[in-house]
Amino acid sequence: MSTPRVLQIQEILSIIFQCCPLPTNAVCARVCRGWSDPALDALWREIKDIRHLLRLMPAFYEDRFERDLAPPDWTRFLLHARRVRSLEHSDRRVALQTSVFTALGLSRPVFDLLPNLRFLRWSAHGENALAHAILFMSPSLTSFEVFALQFTPRTIRTFFQTLQERSPHLRYFYLHATGQVTPVEVFLAEFLRSLSYLEVIQLPCYWQTKSVVHALSSLKHLRSVRTHVPSRTIYKGSQREVGDVGSINFSEGSFAALKTFYIDGRRLSDVESLLRKPFAPRHLTTLTVMSLHIESPSTLHDFIKGLTEVCPLLRHIVFALFVSETSHVPSAITFDTLRPILDFQRLVGFKITHKEPLHVTENDIRELATRWPTLETLHLCHDPLIPEDSTVDNGLPPRSLLPFAESCPNLKELGLYLNATRWTHLSDIPAIPRPFCRLQRLHVGVSRVANPNVIARFLSEVCPRPLSIVTDSCWESAAVRESAPACQPRRDTWQQVTALHRDLVDVRLSERKRNQDQVRALEMEVAILRENEKTLRRKVSIHSDSGDWTMEG
């Protein structure tokens, strides 16, 4: 039986094989010659274990080469190496002897081992593991994510210089590192200036020094500057290394395409000074500011007000104000502090994290929701730092969700610090004028709940659809972990709320489906009755026209 013509088109076969699991592609590659190439392309397209490639060489066994590599050993490797588009490797997950990479480098018959590689993720935990990634760099590489957890200035300098020479068309670069930037700052700035095609850059926390920012400003295609903040390391690192950015002087065309900017380790006043400089990026759509300094409410108010002037196109704003647990906060943040945020015409997302709960009233929440109908994401200090001996919470009552359900139909993610200790009976649940349409995630931090049954019932009515209730904390320093047992009962209560809400929503969805099925059945029955009625009327009309119809009485 001949193969259908549609299954002889290479483009269609490629699309089909990309959706198939690897064992299926391995079988399809042996069906016929027409299927072999596209199936093998899909089979070798993404390599998540480098040993799959090395096993193409007869000399490889487990984690080493059993003998010196000869030219015949490279035959199958080179046949399939051109198919590889993505490669991932971690020296901790896949432990290979150093001699493997040495042998590859000394005996390779071609300079570019993977000539069509587009994406490379390399995790280097050992001192020499970072240098091994150089073997797989090529001019085709456009995206590189590297975890440099142990390195020396000499190693990182060689790494940057080689990457600059061998992958000049790099567009996405994600760097994860735990060391300080000072020893490698000069090499990093020189490396960044050479990446003329770079579009997205992610740097470790506190690596945005004056020279690094100045180097980034010269990249004409750069769209996004991000910072990676590892879990549980908010207070690690050295924020002093970021230095004073007030002396940076931008030139015309600086940050010509920048839309997303993550700024860490600086005071709000310094960030405003940076953004007000001539030729600073004014067309930002996303701005994230992480500060470990004590910022007063008046400073925050003035900063937001200044943002409306220098960056009026902002759509997403994030303030991560991670002050120390022992730091004294001058006064709490109120709605008046954040009121200038309403002056942004295009803003659809706003997040603020602070040590203290946000001091707002229900009227403030209603005004915020009414004046911000385009809202999609909102976090209002949903995870404050609650001391172990705290007995008073300034959280909002659960009915504060209702204004957002009524006025913000596009809201998908909401974070509020709630206090539901007064909701103990089902009679406390207010009427729900309108449920959420698109809410997917509700962040509650360590909000207090007295009766999980009541809150679950309320949430099932205000959000009658699957909802992810998040209680993760962003305060992960030692002092907070010591007080974690005090907050654990609150998280356990919210887990009960999550389970109850899921069950109630399932019941509601089942009832809705059953009602819809009954309605459809009734509609079909009505349609049948109407069709029968039409048939009877036609029969009556035929008998009346022929004179055979008589009426009695």
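**Basis of the values**

Because the model is predicted, local features need pLDDT of at least 70 and side-chain atom pairs count only at pLDDT 80 or more, while totals for chains, interfaces and linings use all residues. Residues are numbered from 1 along each chain as its sequence is written, and side-chain values use heavy atoms, with hydrogens and water left out.

**The chain as a whole**

The protein chain has 18 helices and 19 strands. These are DSSP runs numbered from the N terminus, with helices being H or I of at least four residues and strands being E of at least two. Of the 553 residues in the protein chain, 47% are buried. Buried means under 20% relative accessible area, exposed over 50%, and partly exposed in between (1.4 Å probe, protein chains only). A contact means heavy atoms within 4.5 Å. Among contacts between residues at least 6 apart in sequence, 80% join residues at least 24 apart.

**The second largest pocket**

A pocket is an open set of points on a 1 Å grid over the protein atoms alone, where a 1.4 Å probe fits and protein lies on both sides within 12 Å along at least five of seven lines; lining residues have an atom within 4 Å of a point. The second largest pocket has a volume of about 480 Å³. Its lining has 18 residues, and the closest to the centre are Leu22, Leu43, Trp44, Glu46 and Ile47. Two or more lining residues come from each of α1 (10-18), α2 (22-28), α3 (33-43), β1 (46-47) and α5 (75-81). The volume is the space filled by probe spheres set on the grid points, which are joined across faces, edges and corners. By residue type, the lining divides into 8 nonpolar, 4 polar and 6 charged. Here Ala, Val, Leu, Ile, Met, Phe, Trp, Tyr, Cys and Pro count as nonpolar, Asp, Glu, Lys and Arg as charged, and the others, Gly among them, as polar.

Helix α11 covers residues 268-275, and its buried residues are Leu268, Val271, Glu272, Leu274 and Leu275. Seen down the axis of α11, these buried residues fall within an arc of 160 degrees, so they line one face of the helix. The arc is taken from the directions from the helix axis to the C-beta atoms. The cover over the buried residues of α11 includes β10 (260-264), β11 (286-291) and α12 (297-310).

Phe279 lies in the loop between α11 and β11. Phe279 is not a glycine, yet has a positive phi of about 65 degrees. Most residues other than glycine have a negative phi. Cys381, in the loop between β14 (377-380) and α15 (401-407), also has a positive phi, near 50 degrees.

**Residues in their surroundings**

The table gives the accessibility of selected residues.

| Residue | Relative accessible area | Class |
|---|---|---|
| His176 | 6% | buried |
| Glu199 | 17% | buried |
| Phe279 | 43% | partly exposed |
| Cys381 | 1% | buried |
| Pro397 | 17% | buried |
| Arg434 | 36% | partly exposed |

His176 belongs to strand β7 (residues 172-177). Its side chain makes a polar contact with the side chain of His228 at 3.2 Å. A polar contact is a pair of N or O atoms within 3.5 Å; within protein, one must be able to donate a hydrogen and the other to accept it, and residues adjacent in sequence count only if both atoms are side-chain atoms. Beyond four places in sequence, His176 is in contact with Glu145, Val146, Phe147, Ala148, Gln202, Pro204 and His228.

Glu199 sits in the loop between α9 (185-194) and β8 (200-204). Not counting residues up to four places away, Glu199 touches Arg171, Tyr172, His221, Leu222, Arg223 and Ser224.

Pro397 is in the loop between β14 and α15. Pro397 and Ala420 are 23 residues apart in sequence and 5.8 Å apart in space, C-alpha to C-alpha. With neighbours within four places left aside, the contacts of Pro397 are Glu362, Leu418 and Asn419.

Arg434 is placed in the loop between β16 (419-420) and β17 (441-443). The side chain of Arg434 reaches the backbone oxygen of Glu406 at 3.4 Å. Residues up to four places away aside, Arg434 touches Ala405, Glu406 and Pro409. Between Arg434 and Pro409 there are 25 places in sequence and 9.9 Å in space, C-alpha to C-alpha.
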